[in-house]
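Open the model in your viewer and keep the selection tool at hand. We will go stop by stop.

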Amino acid sequence: MNRTILLSLFFITLFSSCKKEEERDTQRPVISNALVDGEDHDIELTAGLDFRLTALVNDDRNLGQFKVDIHDDFDGHDHGRIMAKWADVIIEDISGTEANIDRMIPVPQDALAGPYHMILRALDAEGNESEFVQMTLIVKNGSEPMISVNDPDLSAEFPINRNDTLSLVGTVVEDVDLTEVLVSLRPGAVHDHGRLSAEVLFEKDFDLPGSSDTSWDMQLDGDLNIPIPADAEVGDYTLLIVAKDSQGNLGIFEAIIEVI
């Protein structure tokens with residue numbers, strides 16, 4: 001084989017290799033504008049009703065699938081008779097470089113009240129997977145414990161000085177039986193990822209071992225007078241109160257406390 005033929009074969013092979021490299025799709029699809037009933041946070045759903053999920057999915061070449069994974073975000077400490085925790089996986093074929101997701105998703109009638117995660121993912125035709133989008137859904141079914149904080153007014157961000165005490169006046173009420181109340185004051189606002197440098201200011205688990213505990217008083221039963229340390233880091237903290245009943249339903253109360 002002469003030199004000209006060898007050079008021709010070399011350049012053909014090199015060109016073919018470069019072309020294959022150029023054609024290989026390595027770019028991930030992107031999910032944006034994900035909304036549930038028009039909201040991206042503070043999403044409350046009612047058992048037995050549908051909700052609307054909308055999102056936009058883009059890819060540089062060709063889309064393949066859109067996936068929805070719904071599962072509970074409970075802590076696993078179940079008490080007594082347990083109803084159904086909601087779980088669902090939905091896979092939808094999509095194509096082209098852009099897809100508008102718009103679908104109605106039912107919440108089961110017998111879903112336990114409490115927090116759930118909805119994870120959104122997209123695949124393109126080459127199998128590249130998008131970064132996931134996570135949304136928190138709070139399901140209510142009418143049987144969850146009712147949490148009321150009467151004082152202070154926590155309907156908006158509540159400021160408190162360091163070296164002061166956050167005294168909570170209120171009740172937790174349940175028709176059948178309360179089993180547990182968890183209270184915490186943790187760094188970070190409700191929808192951010194917290195401040196790793198700040199420490200948890202308060203965390204306590206109150207067990208109610210009786211079989212007919214229908215109310216719990218924050219002062220009489222919990223002595224919820226939370227001291228704010230003089231050296232606490234200034235910033236937002238999330239006050240989280242979670243109450244469980246004997247069926248496994250969770251009532252949830254969240255508020256922002258600003259340490260100043």
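**Start at a buried ring**

Select Phe 206. With a relative accessible area of 9%, Phe 206 is buried, because buried means under 20%. The model is a predicted one.

Is Trp 216 buried or exposed? Trp 216 counts as buried, at 5% relative accessibility.

Show both rings together. Phe 206 and Trp 216 form an aromatic pair. The pair is tilted, with 55° between the planes and 5.1 Å centre to centre. Next, colour strand β14 (residues 202-207), where Phe 206 lies, and strand β15 (residues 215-217), which holds Trp 216.

How many aromatic pairs does the structure hold? There are 4. Select Phe 51 and Trp 86 for another one of them. Their geometry is edge-to-face: the planes stand at 75°, and the centres are 6.2 Å apart. What does this pair tie together? Phe 51 is in strand β3 (residues 50-58), while Trp 86 is in the loop between β4 (63-72) and β5, so the pair ties together parts 35 residues apart in sequence. Both Phe 51 and Trp 86 are buried.

Ring pairs link Phe 51, Phe 74, Trp 86 and Tyr 116 into a cluster.

Hide the side chains and switch to cartoon. Select β2, β8, β7, β4 and β5. These 5 strands form an open sheet, in the order β2-β8-β7-β4-β5. The pairing is mixed. Which strands are at the edges? They are β2 (43-46) and β5 (88-93), and each pairs on one side only. Look along the sheet: from one strand to the next, the twist averages 25°.

Zoom in on β2 and strand β8 (residues 133-140). The two run parallel and are joined by 4 bridges. Pick Ile 43 and look across to β8: its bridge partner there is Leu 137.

**Last stop: the whole chain**

Zoom out and colour by secondary structure. The protein chain has 18 strands and 1 helix. Of its 260 residues, 38% count as buried. Finally, show contacts between residues at least 6 apart in sequence: 74% of them join residues at least 24 apart.

Terms used
Residues numbered from 1 in each chain as written. Predicted model: local features only at pLDDT ≥ 70, side-chain atom pairs only at ≥ 80, totals over all residues. Heavy atoms only, no water. Buried < 20%, exposed > 50% of the residue type's maximum accessible area, 1.4 Å probe, protein only. Contact = heavy atoms within 4.5 Å. Pairing = 2+ DSSP bridges. Axes fitted to C-alpha atoms, helices over the stretch in contact; angles between N-to-C directions. Phe/Tyr/Trp six-rings, centres within 6.5 Å; stacked < 30°, edge-to-face > 60°.
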